[in-house]
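Hi,

Here is the structure I said I'd pass on. Have a look at it first, and then read my notes below.

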Amino acid sequence: MARGTLRPRRRRYQRRGAGGARSSPGLKGLAVFGAVVVVVLGAAAFFLWPAVKPAGGGTPGAITIQPTMAGFFPSQIEGRAGEPLTIRLVNKDTQFHTDGGGWHQFAIDELRVDEKIPPETTQEVTFTPGVAGTYQFYCDVCCGGRESPSMQGTLVVRA
Ligand SMILES: [Cu+2]
């Protein structure tokens, strides 16, 4: 009984071995398919890269903030004392805004950060907060300026 079941199994194994010898056209097909996949993905990456890459090159690890007429998004960010912090400011407002002409600002008085962002541009600012604490950042060029509670945000710097 045991031998009876073993034999067909062995035969199946041998057939598979013969199939392996015949599989070279299949391998060639696979290689062609692989080459096509590489070319198609390469072309897709080539054409899509401008759409997905961060605007303006972009610093790795940068925190993206979008300043708008309604405030900063996000308005709460974090950093570490002694470590450089890069903020990427993405201003999507147009020059046709009557209040401030589409300009925004990212300023932190205590850290002497003062960046003004023209309409429809992306700008980065890098600074290193030396001391842990909570800092207010604000925009003073639109929507009632600095006193407007919506045009403020908080940077928490951890030790
Ligand atoms: Cu603003």
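What stands out to me is an open sheet of four strands, in the order β2-β1-β4-β7, with mixed pairing. The edges are held by β2 (71-73) and β7 (121-127), and each of them has a single partner strand, so one side of each is left without a neighbour in the sheet. Going from one strand to the next, the twist averages 25°. Keep in mind that this is a predicted model.

Within that sheet, β4 (residues 85-91) and β7 run antiparallel and are joined by seven bridges.

Take Ile-87: leaving aside neighbours within four places in sequence, Ile-87 is in contact with Ala-62, Ile-63, Ile-65, Phe-106, Glu-124 and Val-125.

As for the overall picture, the protein has two helices and nine strands, and from the N terminus on the elements run α-α-β-β-β-β-β-β-β-β-β. Buried residues make up 15% of the 159 residues. Of the contacts with a separation of 6 or more, 66% are between residues 24 or more positions apart.

Cheers

Terms used. Residues numbered from 1 in each chain as written. Predicted model: local features only at pLDDT ≥ 70, side-chain atom pairs only at ≥ 80, totals over all residues. Pairing = 2+ DSSP bridges. Axes fitted to C-alpha atoms, helices over the stretch in contact; angles between N-to-C directions. Buried ≥ 20, exposed ≤ 12 C-beta atoms within 10 Å, placed from the backbone. Contact = placed C-beta atoms within 7 Å.
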